[in-house]
Amino acid sequence: MGSNKLYTLRKIYIALIRSKIDYGCEVYNTASASIKKILDKVQTQSLRLCTGSMKSASLKALQVEMGDPPYEIRRKALITKSFLNISTFENNHPAKKSIQDTATFEFYSKTVKRKPFTLIAKDTLKGNNFSENNVVIYRESPIPPWHFTVPIVNTYLKDYISKKDLPHLIKSEANIMIDTQYKHHLKIFTDGSKDPNSNAGCAFVIPELKINKGFKLNNHLSIFMCELTAIYLCISWLQDFLPFNVVIFVDSLSALQALKIPLNKIRNQFLLDIHFLLRSLYHSGTNIIFEWIPSHVGIQGNELADFHAKQALSFQNIYIFVPLFKDDFKTLCKNLMKKMWQEEWDKEKDRALYQISPKINFDIKIPKMSRYKERLIFKLRTGYIPLNKHLYKIGISDTKLCEECRVEETVEHFLLHCKLYNTERSILFDSLRKLQIQNFQLKNILTGYNFLPIDTYVKSTNRMIL
Ligand SMILES: [Zn+2]
(Lines give C-alpha, C1' and ligand atoms only; values in the text may rest on other atoms or scores of the structure.)
Protein backbone atom coordinates (compact mmCIF):
# COMPACT_ATOMS: atom_id res chain seq x y z
CA MET A 1 0.00 0.00 0.00
CA GLY A 2 3.05 2.20 -0.24
CA SER A 3 3.97 5.16 1.87
CA ASN A 4 0.67 6.18 3.43
CA LYS A 5 -0.84 3.09 4.91
CA LEU A 6 -2.26 5.11 7.78
CA TYR A 7 -4.41 7.24 5.49
CA THR A 8 -5.60 4.26 3.49
CA LEU A 9 -6.48 2.27 6.57
CA ARG A 10 -8.40 5.18 8.01
CA LYS A 11 -10.43 5.48 4.81
CA ILE A 12 -11.26 1.79 4.97
CA TYR A 13 -12.24 2.11 8.63
CA ILE A 14 -14.55 5.05 7.95
CA ALA A 15 -16.17 3.45 4.91
CA LEU A 16 -16.61 -0.09 6.17
CA ILE A 17 -16.75 0.09 9.95
CA ARG A 18 -17.74 3.51 11.24
CA SER A 19 -20.53 3.93 8.69
CA LYS A 20 -22.15 0.73 9.98
CA ILE A 21 -21.84 1.91 13.57
CA ASP A 22 -23.41 5.27 12.71
CA TYR A 23 -26.32 3.62 10.97
CA GLY A 24 -29.45 3.58 13.11
CA CYS A 25 -27.75 5.15 16.14
CA GLU A 26 -30.92 7.21 16.70
CA VAL A 27 -32.63 3.93 17.55
CA TYR A 28 -29.97 1.96 19.36
CA ASN A 29 -28.75 4.89 21.45
CA THR A 30 -31.34 4.04 24.11
CA ALA A 31 -29.41 0.81 24.81
CA SER A 32 -27.59 0.61 28.14
CA ALA A 33 -24.16 2.17 28.57
CA SER A 34 -22.48 -1.20 29.03
CA ILE A 35 -23.80 -2.43 25.69
CA LYS A 36 -22.65 0.72 23.93
CA LYS A 37 -19.19 0.26 25.47
CA ILE A 38 -18.73 -2.74 23.18
CA LEU A 39 -18.74 -0.31 20.26
CA ASP A 40 -15.97 1.75 21.88
CA LYS A 41 -13.84 -1.39 21.77
CA VAL A 42 -14.40 -1.55 18.03
CA GLN A 43 -13.12 2.03 17.75
CA THR A 44 -10.07 1.31 19.92
CA GLN A 45 -9.18 -1.74 17.90
CA SER A 46 -9.68 -0.04 14.54
CA LEU A 47 -7.66 3.04 15.39
CA ARG A 48 -4.92 0.94 16.96
CA LEU A 49 -4.63 -1.07 13.77
CA CYS A 50 -4.50 2.13 11.71
CA THR A 51 -1.71 3.67 13.77
CA GLY A 52 0.11 0.41 14.48
CA SER A 53 0.40 1.46 18.12
CA MET A 54 1.12 -0.44 21.32
CA LYS A 55 -1.73 -2.29 22.98
CA SER A 56 -1.51 0.08 25.92
CA ALA A 57 -2.30 3.18 23.80
CA SER A 58 -5.42 4.87 25.13
CA LEU A 59 -8.55 5.45 23.13
CA LYS A 60 -8.64 9.19 23.89
CA ALA A 61 -5.20 9.75 22.40
CA LEU A 62 -5.99 7.57 19.41
CA GLN A 63 -9.15 9.57 18.73
CA VAL A 64 -7.31 12.89 18.75
CA GLU A 65 -4.44 11.67 16.58
CA MET A 66 -6.81 10.15 14.05
CA GLY A 67 -9.39 12.96 14.10
CA ASP A 68 -12.14 10.50 15.01
CA PRO A 69 -14.45 11.75 17.79
CA PRO A 70 -15.66 9.60 20.70
CA TYR A 71 -18.71 7.58 19.62
CA GLU A 72 -20.88 8.96 22.43
CA ILE A 73 -20.33 12.50 21.15
CA ARG A 74 -20.66 11.44 17.53
CA ARG A 75 -24.02 9.84 18.29
CA LYS A 76 -25.29 13.01 19.98
CA ALA A 77 -24.41 15.07 16.91
CA LEU A 78 -25.89 12.53 14.47
CA ILE A 79 -29.07 12.32 16.52
CA THR A 80 -29.35 16.10 16.52
CA LYS A 81 -28.89 16.16 12.76
CA SER A 82 -31.63 13.57 12.19
CA PHE A 83 -33.90 15.44 14.56
CA LEU A 84 -33.42 18.68 12.65
CA ASN A 85 -33.95 16.83 9.39
CA ILE A 86 -37.29 15.52 10.60
CA SER A 87 -38.18 18.98 11.87
CA THR A 88 -38.10 20.25 8.27
CA PHE A 89 -41.03 18.01 7.27
CA GLU A 90 -44.57 19.31 7.20
CA ASN A 91 -46.76 18.33 10.14
CA ASN A 92 -48.69 15.68 8.24
CA HIS A 93 -45.49 13.80 7.43
CA PRO A 94 -45.52 10.39 9.15
CA ALA A 95 -41.94 10.77 10.49
CA LYS A 96 -42.88 13.95 12.29
CA LYS A 97 -44.78 11.90 14.89
CA SER A 98 -41.49 10.42 16.06
CA ILE A 99 -40.29 13.79 17.36
CA GLN A 100 -43.51 15.07 18.83
CA ASP A 101 -43.89 15.51 22.50
CA THR A 102 -45.26 12.12 23.52
CA ALA A 103 -41.75 10.67 23.76
CA THR A 104 -40.64 13.42 26.12
CA PHE A 105 -43.76 12.95 28.19
CA GLU A 106 -43.09 9.24 28.54
CA PHE A 107 -39.58 9.95 29.81
CA TYR A 108 -40.70 12.40 32.47
CA SER A 109 -43.62 10.25 33.55
CA LYS A 110 -41.04 7.45 33.91
CA THR A 111 -42.73 4.95 31.60
CA VAL A 112 -39.44 4.80 29.69
CA LYS A 113 -36.09 4.73 31.48
CA ARG A 114 -33.62 6.35 29.12
CA LYS A 115 -33.71 9.73 27.44
CA PRO A 116 -35.49 9.48 24.11
CA PHE A 117 -33.97 10.61 20.85
CA THR A 118 -35.95 13.89 20.78
CA LEU A 119 -34.83 14.94 24.22
CA ILE A 120 -31.14 14.26 23.56
CA ALA A 121 -31.34 16.40 20.44
CA LYS A 122 -33.23 19.20 22.16
CA ASP A 123 -30.80 19.27 25.09
CA THR A 124 -27.82 19.37 22.75
CA LEU A 125 -29.37 22.26 20.86
CA LYS A 126 -30.42 24.14 23.97
CA GLY A 127 -26.87 24.04 25.30
CA ASN A 128 -25.88 25.90 22.15
CA ASN A 129 -28.70 28.46 22.02
CA PHE A 130 -30.40 26.88 19.08
CA SER A 131 -33.90 25.58 18.63
CA GLU A 132 -35.53 23.27 16.11
CA ASN A 133 -37.94 26.13 15.34
CA ASN A 134 -35.07 27.79 13.50
CA VAL A 135 -35.03 25.33 10.62
CA VAL A 136 -36.90 25.65 7.38
CA ILE A 137 -40.01 23.62 6.69
CA TYR A 138 -40.07 22.31 3.15
CA ARG A 139 -43.28 23.11 1.32
CA GLU A 140 -44.31 22.88 -2.27
CA SER A 141 -44.54 26.12 -4.21
CA PRO A 142 -48.13 27.37 -4.49
CA ILE A 143 -47.39 28.55 -8.03
CA PRO A 144 -46.55 26.00 -10.73
CA PRO A 145 -42.97 26.24 -12.01
CA TRP A 146 -43.96 27.11 -15.60
CA HIS A 147 -45.40 30.41 -14.38
CA PHE A 148 -41.97 31.66 -13.39
CA THR A 149 -39.41 33.34 -15.60
CA VAL A 150 -35.85 32.12 -15.32
CA PRO A 151 -33.74 35.14 -14.31
CA ILE A 152 -30.90 36.39 -16.49
CA VAL A 153 -27.64 35.49 -14.79
CA ASN A 154 -24.38 36.52 -16.48
CA THR A 155 -20.89 35.53 -15.54
CA TYR A 156 -19.27 37.32 -18.44
CA LEU A 157 -16.09 38.31 -16.59
CA LYS A 158 -15.39 34.81 -15.38
CA ASP A 159 -14.23 33.73 -18.84
CA TYR A 160 -12.07 36.82 -19.30
CA ILE A 161 -10.03 36.90 -16.16
CA SER A 162 -8.21 34.34 -14.13
CA LYS A 163 -7.24 34.39 -10.48
CA LYS A 164 -3.62 34.75 -11.53
CA ASP A 165 -4.25 38.15 -13.09
CA LEU A 166 -3.10 41.19 -11.17
CA PRO A 167 -5.85 42.73 -9.03
CA HIS A 168 -5.66 46.14 -10.71
CA LEU A 169 -6.07 44.54 -14.16
CA ILE A 170 -9.11 42.59 -12.95
CA LYS A 171 -10.49 45.77 -11.44
CA SER A 172 -10.16 47.81 -14.63
CA GLU A 173 -11.63 44.96 -16.71
CA ALA A 174 -14.63 44.88 -14.33
CA ASN A 175 -15.06 48.65 -14.30
CA ILE A 176 -15.08 48.74 -18.11
CA MET A 177 -17.86 46.15 -18.13
CA ILE A 178 -19.86 48.02 -15.47
CA ASP A 179 -19.58 51.35 -17.30
CA THR A 180 -20.21 50.14 -20.84
CA GLN A 181 -22.66 47.25 -20.67
CA TYR A 182 -24.68 48.73 -17.84
CA LYS A 183 -24.42 52.41 -18.60
CA HIS A 184 -28.20 52.93 -18.33
CA HIS A 185 -28.94 50.43 -15.58
CA LEU A 186 -29.50 51.09 -11.92
CA LYS A 187 -26.41 49.44 -10.43
CA ILE A 188 -26.78 47.58 -7.15
CA PHE A 189 -24.07 45.68 -5.29
CA THR A 190 -24.83 42.95 -2.75
CA ASP A 191 -22.66 41.03 -0.32
CA GLY A 192 -22.87 38.62 2.61
CA SER A 193 -20.53 38.27 5.55
CA LYS A 194 -19.83 35.92 8.43
CA ASP A 195 -17.41 35.86 11.34
CA PRO A 196 -15.80 32.95 13.23
CA ASN A 197 -18.39 33.29 16.04
CA SER A 198 -21.04 32.41 13.43
CA ASN A 199 -22.54 35.92 13.41
CA ALA A 200 -23.99 36.68 9.99
CA GLY A 201 -24.78 39.85 8.07
CA CYS A 202 -25.51 41.08 4.58
CA ALA A 203 -25.83 44.34 2.68
CA PHE A 204 -26.83 45.97 -0.57
CA VAL A 205 -25.63 49.37 -1.75
CA ILE A 206 -26.58 51.69 -4.62
CA PRO A 207 -23.65 54.12 -4.89
CA GLU A 208 -25.33 56.52 -7.36
CA LEU A 209 -28.28 57.03 -4.98
CA LYS A 210 -26.08 56.93 -1.87
CA ILE A 211 -28.14 54.08 -0.47
CA ASN A 212 -26.23 51.76 1.87
CA LYS A 213 -28.18 49.12 3.70
CA GLY A 214 -26.65 46.61 6.09
CA PHE A 215 -28.61 43.91 7.91
CA LYS A 216 -27.76 41.68 10.80
CA LEU A 217 -28.95 38.08 10.29
CA ASN A 218 -29.40 35.18 12.67
CA ASN A 219 -26.41 33.02 13.65
CA HIS A 220 -25.20 29.78 12.06
CA LEU A 221 -26.07 30.77 8.48
CA SER A 222 -23.71 29.69 5.73
CA ILE A 223 -22.04 32.40 3.68
CA PHE A 224 -24.08 31.12 0.74
CA MET A 225 -27.32 31.90 2.60
CA CYS A 226 -26.01 35.35 3.61
CA GLU A 227 -25.38 36.12 -0.06
CA LEU A 228 -28.84 34.92 -1.04
CA THR A 229 -30.42 36.95 1.76
CA ALA A 230 -28.70 40.08 0.44
CA ILE A 231 -30.27 39.41 -2.96
CA TYR A 232 -33.64 38.71 -1.36
CA LEU A 233 -33.65 41.94 0.68
CA CYS A 234 -32.47 43.92 -2.30
CA ILE A 235 -35.24 42.75 -4.62
CA SER A 236 -37.91 43.12 -1.95
CA TRP A 237 -36.74 46.72 -1.49
CA LEU A 238 -37.10 47.21 -5.27
CA GLN A 239 -40.82 46.30 -5.05
CA ASP A 240 -41.60 49.82 -3.84
CA PHE A 241 -39.30 51.47 -6.30
CA LEU A 242 -39.84 49.63 -9.60
CA PRO A 243 -37.00 50.97 -11.78
CA PHE A 244 -36.90 49.93 -15.47
CA ASN A 245 -33.51 48.37 -15.79
CA VAL A 246 -31.55 47.00 -12.87
CA VAL A 247 -28.30 45.14 -12.65
CA ILE A 248 -27.38 43.41 -9.41
CA PHE A 249 -23.66 42.71 -9.00
CA VAL A 250 -22.94 39.66 -6.88
CA ASP A 251 -19.49 38.34 -6.00
CA SER A 252 -20.65 34.84 -5.11
CA LEU A 253 -20.69 32.39 -8.00
CA SER A 254 -22.51 29.76 -5.96
CA ALA A 255 -25.38 32.14 -5.19
CA LEU A 256 -25.68 33.03 -8.87
CA GLN A 257 -25.58 29.41 -9.89
CA ALA A 258 -28.39 28.70 -7.42
CA LEU A 259 -30.55 31.32 -9.16
CA LYS A 260 -30.16 29.34 -12.38
CA ILE A 261 -31.47 26.06 -10.93
CA PRO A 262 -34.64 25.01 -12.75
CA LEU A 263 -37.65 25.72 -10.55
CA ASN A 264 -38.88 22.16 -10.44
CA LYS A 265 -35.53 21.12 -8.94
CA ILE A 266 -35.38 23.73 -6.17
CA ARG A 267 -35.46 22.29 -2.65
CA ASN A 268 -34.60 25.53 -0.91
CA GLN A 269 -37.69 27.43 0.14
CA PHE A 270 -35.74 30.66 0.35
CA LEU A 271 -34.79 30.42 -3.33
CA LEU A 272 -38.46 29.96 -4.18
CA ASP A 273 -39.23 33.14 -2.23
CA ILE A 274 -36.64 34.97 -4.30
CA HIS A 275 -38.21 33.70 -7.52
CA PHE A 276 -41.60 34.71 -6.21
CA LEU A 277 -40.41 38.29 -5.69
CA LEU A 278 -38.62 38.34 -9.03
CA ARG A 279 -41.79 37.19 -10.74
CA SER A 280 -43.78 40.10 -9.36
CA LEU A 281 -41.02 42.52 -10.40
CA TYR A 282 -41.04 41.18 -13.96
CA HIS A 283 -44.80 41.56 -14.04
CA SER A 284 -44.44 45.19 -13.00
CA GLY A 285 -42.08 45.82 -15.90
CA THR A 286 -38.73 45.81 -14.10
CA ASN A 287 -35.89 44.09 -15.94
CA ILE A 288 -33.30 42.56 -13.65
CA ILE A 289 -29.95 41.17 -14.65
CA PHE A 290 -27.61 39.42 -12.25
CA GLU A 291 -23.94 39.84 -13.03
CA TRP A 292 -20.90 38.30 -11.37
CA ILE A 293 -18.02 40.53 -10.28
CA PRO A 294 -14.79 39.48 -8.58
CA SER A 295 -14.39 40.41 -4.91
CA HIS A 296 -11.39 41.97 -3.12
CA VAL A 297 -9.94 43.71 -6.15
CA GLY A 298 -11.14 47.19 -5.17
CA ILE A 299 -14.30 47.62 -7.24
CA GLN A 300 -15.91 50.56 -5.47
CA GLY A 301 -19.48 49.26 -5.11
CA ASN A 302 -18.35 45.81 -4.11
CA GLU A 303 -15.99 47.14 -1.45
CA LEU A 304 -18.78 49.32 -0.08
CA ALA A 305 -21.21 46.39 0.11
CA ASP A 306 -18.52 44.31 1.81
CA PHE A 307 -17.92 47.07 4.34
CA HIS A 308 -21.60 47.42 5.23
CA ALA A 309 -22.14 43.65 5.48
CA LYS A 310 -19.19 43.40 7.89
CA GLN A 311 -20.40 46.36 9.90
CA ALA A 312 -23.84 44.74 10.26
CA LEU A 313 -22.24 41.78 12.06
CA SER A 314 -22.01 43.85 15.22
CA PHE A 315 -25.56 45.27 15.10
CA GLN A 316 -27.74 44.56 18.13
CA ASN A 317 -30.98 43.50 16.44
CA ILE A 318 -31.54 40.81 13.90
CA TYR A 319 -33.29 42.39 10.94
CA ILE A 320 -34.63 39.28 9.28
CA PHE A 321 -34.71 35.72 10.45
CA VAL A 322 -33.58 33.25 7.79
CA PRO A 323 -34.43 29.64 8.59
CA LEU A 324 -31.60 27.12 8.39
CA PHE A 325 -31.46 24.69 5.50
CA LYS A 326 -30.04 21.21 5.37
CA ASP A 327 -26.53 22.29 4.43
CA ASP A 328 -26.50 24.90 7.18
CA PHE A 329 -27.44 22.56 9.96
CA LYS A 330 -25.10 19.87 8.72
CA THR A 331 -22.34 22.38 9.45
CA LEU A 332 -24.01 23.33 12.72
CA CYS A 333 -24.02 19.71 13.91
CA LYS A 334 -20.40 19.22 12.91
CA ASN A 335 -19.50 22.32 14.93
CA LEU A 336 -21.48 21.02 17.90
CA MET A 337 -19.61 17.73 17.69
CA LYS A 338 -16.30 19.57 17.65
CA LYS A 339 -17.27 21.74 20.61
CA MET A 340 -18.40 18.80 22.76
CA TRP A 341 -15.25 16.87 21.91
CA GLN A 342 -12.99 19.82 22.69
CA GLU A 343 -14.65 20.18 26.10
CA GLU A 344 -13.91 16.51 26.80
CA TRP A 345 -10.31 16.80 25.58
CA ASP A 346 -9.70 19.87 27.75
CA LYS A 347 -10.15 17.62 30.78
CA GLU A 348 -7.02 15.70 29.68
CA LYS A 349 -4.47 18.45 30.19
CA ASP A 350 -2.03 16.10 31.96
CA ARG A 351 -1.55 13.91 28.94
CA ALA A 352 1.67 14.09 26.93
CA LEU A 353 -0.37 14.43 23.75
CA TYR A 354 -2.38 17.38 25.10
CA GLN A 355 0.83 19.40 25.34
CA ILE A 356 1.52 18.78 21.66
CA SER A 357 -2.02 18.80 20.30
CA PRO A 358 -4.37 20.85 22.53
CA LYS A 359 -6.90 21.59 19.77
CA ILE A 360 -8.90 18.75 18.28
CA ASN A 361 -10.14 18.54 14.70
CA PHE A 362 -11.27 15.90 12.23
CA ASP A 363 -7.90 15.45 10.49
CA ILE A 364 -5.13 12.93 10.99
CA LYS A 365 -2.32 14.69 12.88
CA ILE A 366 0.47 12.55 11.43
CA PRO A 367 1.90 13.49 8.01
CA LYS A 368 2.16 11.00 5.17
CA MET A 369 5.34 9.00 5.69
CA SER A 370 6.55 5.42 5.60
CA ARG A 371 4.77 2.97 7.87
CA TYR A 372 7.73 2.75 10.24
CA LYS A 373 7.88 6.52 10.66
CA GLU A 374 4.10 6.84 11.07
CA ARG A 375 4.22 4.43 13.95
CA LEU A 376 7.26 6.03 15.53
CA ILE A 377 5.87 9.57 15.48
CA PHE A 378 2.58 8.34 16.94
CA LYS A 379 4.46 6.70 19.79
CA LEU A 380 6.61 9.73 20.48
CA ARG A 381 3.65 12.13 20.43
CA THR A 382 1.50 10.08 22.75
CA GLY A 383 4.27 8.82 25.04
CA TYR A 384 3.20 5.19 24.52
CA ILE A 385 6.73 4.12 23.74
CA PRO A 386 9.27 1.69 25.23
CA LEU A 387 10.93 4.25 27.51
CA ASN A 388 11.02 3.60 31.23
CA LYS A 389 8.21 5.95 32.20
CA HIS A 390 5.72 4.03 30.06
CA LEU A 391 7.31 0.61 30.58
CA TYR A 392 7.00 1.08 34.33
CA LYS A 393 3.33 2.05 33.98
CA ILE A 394 2.52 -1.15 32.09
CA GLY A 395 4.61 -3.27 34.47
CA ILE A 396 7.52 -4.17 32.21
CA SER A 397 10.25 -2.09 33.85
CA ASP A 398 10.77 -1.83 37.60
CA THR A 399 11.80 1.82 37.44
CA LYS A 400 10.47 4.86 35.66
CA LEU A 401 13.84 6.60 35.86
CA CYS A 402 16.52 6.97 33.23
CA GLU A 403 19.36 4.71 34.34
CA GLU A 404 22.00 7.32 33.65
CA CYS A 405 20.40 10.61 34.73
CA ARG A 406 18.10 9.30 37.52
CA VAL A 407 15.12 11.38 36.39
CA GLU A 408 11.88 10.18 34.79
CA GLU A 409 12.60 8.80 31.35
CA THR A 410 9.96 10.60 29.34
CA VAL A 411 9.95 11.34 25.61
CA GLU A 412 11.10 14.86 26.39
CA HIS A 413 14.01 13.60 28.49
CA PHE A 414 15.06 11.10 25.86
CA LEU A 415 14.90 13.56 22.95
CA LEU A 416 16.07 16.78 24.55
CA HIS A 417 18.04 16.21 27.76
CA CYS A 418 19.46 12.72 28.33
CA LYS A 419 23.23 12.86 28.92
CA LEU A 420 23.81 9.55 27.17
CA TYR A 421 23.01 10.97 23.74
CA ASN A 422 24.69 14.36 23.69
CA THR A 423 26.62 13.63 20.48
CA GLU A 424 23.56 12.35 18.64
CA ARG A 425 21.60 15.32 19.91
CA SER A 426 23.98 17.94 18.55
CA ILE A 427 23.49 16.38 15.10
CA LEU A 428 19.73 16.47 15.67
CA PHE A 429 19.75 20.12 16.69
CA ASP A 430 21.83 21.04 13.63
CA SER A 431 19.33 19.37 11.33
CA LEU A 432 16.41 21.06 13.10
CA ARG A 433 18.05 24.46 12.72
CA LYS A 434 18.34 23.76 9.01
CA LEU A 435 14.54 23.36 9.03
CA GLN A 436 14.31 26.87 10.58
CA ILE A 437 13.31 25.51 13.99
CA GLN A 438 14.89 27.52 16.82
CA ASN A 439 12.64 26.58 19.69
CA PHE A 440 13.23 22.92 20.55
CA GLN A 441 9.95 22.08 22.23
CA LEU A 442 8.13 18.81 21.72
CA LYS A 443 5.14 20.57 20.17
CA ASN A 444 7.42 22.09 17.53
CA ILE A 445 9.60 19.14 16.70
CA LEU A 446 6.96 16.42 16.78
CA THR A 447 4.76 18.13 14.21
CA GLY A 448 4.55 17.48 10.48
CA TYR A 449 7.76 16.91 8.58
CA ASN A 450 9.84 18.53 11.32
CA PHE A 451 9.84 15.03 12.63
CA LEU A 452 12.21 13.61 10.00
CA PRO A 453 15.53 14.41 11.77
CA ILE A 454 14.14 12.84 14.93
CA ASP A 455 13.73 9.54 13.16
CA THR A 456 17.47 9.60 12.41
CA TYR A 457 18.21 10.51 16.04
CA VAL A 458 16.11 7.65 17.45
CA LYS A 459 17.89 5.17 15.18
CA SER A 460 21.35 6.46 16.09
CA THR A 461 20.74 6.17 19.84
CA ASN A 462 19.81 2.49 19.67
CA ARG A 463 17.75 3.08 22.82
CA MET A 464 14.79 0.99 21.74
CA ILE A 465 13.71 -1.72 19.41
CA LEU A 466 10.62 -0.64 17.55
ZN1 LIG B 1 18.97 10.21 30.77
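## Strand pairing

Strand 5 (residues 245-250) and strand 6 (residues 287-292) run parallel and are joined by 6 bridges. Strands here are DSSP runs of E, at least two residues long, and helices are runs of H or I of at least four residues, both numbered from the N terminus. Two strands pair if DSSP finds at least two bridges between them. Val247 stands opposite Ile289 in strand 6.

Strand 6 also runs parallel to strand 1 (residues 152-154), with 3 bridges between them. Here Asn154 has Glu291 of strand 6 as its bridge partner.

## Model and confidence

This is a predicted model, in which local features need pLDDT of at least 70 and side-chain atom pairs count only at pLDDT 80 or more, while totals for chains, interfaces and linings use all residues. Residues are numbered from 1 along each chain as its sequence is written.

The mean pLDDT (the predictor's confidence in each residue, from 0 to 100) of the protein chain is 89, and 98% of the residues score at least 70. Confidence is lowest in helix 6 (residues 102-108), with a mean of 68, and highest in strand 3, at 96.

## Domains

The protein chain is assigned domain 1 (5-134), domain 2 (145-322) and domain 3 (385-461); such bounds come from an automatic or database domain assignment. The centres of domain 1 and domain 2, taken over C-alpha atoms, are 39 Å apart.

## Nonpolar core

The largest nonpolar core has 100 residues, of which Cys202, Ala203, Phe204, Ile231, Cys234 and Ile248 touch the most other members. Helix 9 (residues 223-238) supplies the largest share of this core, 10 residues. A nonpolar core is a set of buried Ala, Val, Leu, Ile, Met, Phe, Trp, Tyr and Cys residues joined through C-beta atoms within 7 Å. A residue is buried if 20 or more other C-beta atoms lie within 10 Å of its own, exposed if 12 or fewer, and partly exposed in between, with C-beta atoms placed from the backbone.

Beyond its neighbours within four places in sequence, Cys234 is in contact with Ile188, Thr190, Phe204 and Ile248. Contact means that the C-beta atoms, placed from the backbone, lie within 7 Å.

## Positive phi in two loops

Lys210, in the loop between strand 3 (200-206) and strand 4 (211-217), is a non-glycine residue with a positive phi, near 55 degrees. Lys210 is exposed, because 7 other C-beta atoms lie within 10 Å.

His296 is likewise not a glycine and has a positive phi of about 55 degrees. His296 lies in the loop between strand 6 and helix 12 (300-312), and counts as exposed because it has 12 C-beta neighbours inside 10 Å.

Terms used. Two residues are in contact if their C-beta atoms, placed from the backbone, lie within 7 Å.
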